[in-house]
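Dear colleague,

I am passing on the model we spoke about, with my notes on it below. Please read them with the structure open beside you.

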Amino acid sequence: MSKRKGLSAEEKRTCIMEIFFETKDVFQLNGLEKIAPKERGITSLSVKEILQSLVDDGMVDCEQIGTSHYYWAFPSKALHAGKRKLEALESQFLQKRTEKAKIGRCETEERAVLAKELSSLRDQREQLKAEVEKYKDCDPQVVAEIRRANKVAKEAANRWTDNIFAIKSWAKRKFGFEESKIDKTFGIPKDFDYID
């Protein structure tokens, strides 16, 4: 007959947290000492110790009201605690990588010369970018785009000129207005014509 192996401390902690998350309830110690053995197989003697370790780690909240202690933990708090722990671990990891990367990178004369040269090349690159930007208007693609836009604008202006001439012609026929009166009334200049 083999003896059943008991739960590890971490497994017991997980089981207690599951009780809180599933029930979303507030417990007193004696309530957890009754539920944990039945539902999770945790001995009632170890519940207090496990619960205290969870409180110490900030995973379970505890409040004393009178002589009673009340315990609770909600999934949202665990999520935030997990995020904070992850951020702390990532920060530690990055710091260790940075320290490791610094090893063997002593300030030497050659390194200082290379750093100065790199800085100079970066400055030069920025100057060249500014120079290219100045001559952007001479770029064949930019010039072609300007020409295309000019053609579209010219066609649109001539379309509107057609419309104005058509309205003037209609007004002369329909109402017998003189062209000079129409031009004066609507502010149409004498030299109004199509764009070449």
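Trp170, Phe175 and Phe177 together make a nonpolar surface patch of about 340 Å²; a patch here is built from residues with over 30% relative accessible area and no salt bridge, with like charges joined within 9 Å and nonpolar side chains (Val, Leu, Ile, Met, Phe, Trp, Tyr) within 5 Å, and accessible areas come from the Shrake-Rupley method with a 1.4 Å probe, where for residues only the protein chains shown count as cover. Of these residues, Phe177 sits in the loop between helix H6 (140-175) and helix H7 (179-186), helices being DSSP runs of H or I with at least four residues and strands being runs of E with at least two, numbered from the N terminus. Phe177 counts as partly exposed because its relative accessibility is 45%, the classes being buried for under 20% relative accessible area, exposed for over 50% and partly exposed in between (1.4 Å probe, protein chains only).

Before going further, please keep in mind that this is a predicted model, in which local features need pLDDT of at least 70 and side-chain atom pairs count only at pLDDT 80 or more, while totals for chains, interfaces and linings use all residues. Residues are numbered from 1 along each chain as its sequence is written, and side-chain values use heavy atoms, with hydrogens and water left out.

A salt bridge (a side-chain nitrogen of Lys or Arg within 4 Å of a carboxyl oxygen of Asp or Glu) joins Lys168 to Glu179, with the closest N and O atoms 3.2 Å apart. That pair links distant parts of the chain, since Lys168 belongs to helix H6 and Glu179 to helix H7, eleven residues apart. Lys168 also forms a salt bridge with Asp183, where the closest N and O atoms are 2.7 Å apart, and this pair likewise links helix H6 with helix H7, the two residues being 15 residues apart. Lys168 is buried, with a relative accessible area of 6%, and Asp183 is buried as well, whereas Glu179 counts as partly exposed at 37% relative accessibility. Lys168, Lys172, Glu179 and Asp183 are linked in a network of salt bridges, and a search of the whole structure finds ten salt bridges.

Another of these bridges is formed by Asp57 and Arg13, whose closest N and O atoms are 2.7 Å apart. This pair, too, links distant parts of the chain, with Asp57 in the loop between helix H3 (44-56) and E1, and Arg13 in helix H1, 44 residues apart. Arg13 counts as buried, at 12% relative accessibility.

Turning to the aromatic side chains, the structure holds five aromatic pairs; rings of Phe, Tyr and Trp (its six-membered ring) pair if their centres lie within 6.5 Å, and planes under 30 degrees apart count as stacked, over 60 as edge-to-face and the rest as tilted. One of them joins Phe20 and Phe27, whose ring centres are 5.6 Å apart and whose planes stand at 70 degrees, so the pair is edge-to-face. Phe20 and Phe27 are both buried, and Phe27, with a relative accessible area of 8%, lies in the loop between helix H1 (9-23) and helix H2 (29-40).

The rings of Phe165 and Tyr194 also have their centres 5.6 Å apart, but their planes are at 55 degrees, so this pair is tilted. Phe165 is in helix H6 and Tyr194 in the segment after H7, 29 residues apart. Phe165 is partly exposed at a relative accessible area of 27%, as is Tyr194 at 36%, and ring pairs link Phe165, Phe192 and Tyr194 into a cluster.

Finally, strand E1 (residues 61-65) and strand E2 (residues 68-72) pair in the antiparallel sense over five bridges, where pairing requires that DSSP finds at least two bridges between the strands. Cys62 in this pairing stands opposite Tyr71 in E2. The two strands form a hairpin with two residues between them, and Gly66 in the turn has a positive phi of about 70 degrees.
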